[in-house]
Amino acid sequence: MSLEPIPDDAVSLSEARAYRDALGAFATGVCVVTADGPDGPVGITINSFTSVSLRPRLVMWCLDDRSDRRGAFAETERFAIHVLDAQSEALARRFAKGSGA
């Protein structure tokens, strides 16, 4: 996976502040990470999401080497992190299941 840096002039100060505020308000919680895998879309529920850097914008999430979905995420170029709210328990449970979820 490659990271293309965002030019300094591409993000306004208000956007940078909003990004910082959003990540700063996320103490811990549940997210769903999705990607296009070789066999179609794949997703997984995580609780290991954290902000690493504001410049460049970097986040981190962890996935167990034994996960049956690890290969799809290791091979993909892009993935999406969906921050869930308190009303998203059913969605979190759906993506917490293994194959066939």
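Modeller: Strand 1, spanning residues 31-37, is mostly covered, since 5 of its 7 residues are buried; buried denotes under 20% relative accessible area, exposed over 50%, and partly exposed in between, with a 1.4 Å probe and protein chains only. Strands (E, at least two residues) are DSSP runs, numbered from the N terminus. The model is predicted, so local features need pLDDT of at least 70 and side-chain atom pairs count only at pLDDT 80 or more, while totals for chains, interfaces and linings use all residues. Residues are numbered from 1 along each chain as its sequence is written, and side-chain values use heavy atoms, with hydrogens and water left out.

Strand 1 runs antiparallel to strand 2 (residues 40-46), and 7 bridges join them; two strands pair if DSSP finds at least two bridges between them.

Elsewhere, M60 lies in strand 4 (residues 58-60). M60 is partly exposed, because its relative accessible area is 39%. Beyond its neighbours within four places in sequence, M60 is in contact (heavy atoms within 4.5 Å) with S48, F49, T50 and V52. For T50, which is 10 residues from M60 along the chain, the C-alpha atoms of the two are separated by 5.4 Å.

Terms used. Helix = DSSP H or I, 4+ residues; strand = E, 2+ residues; numbered from the N terminus.
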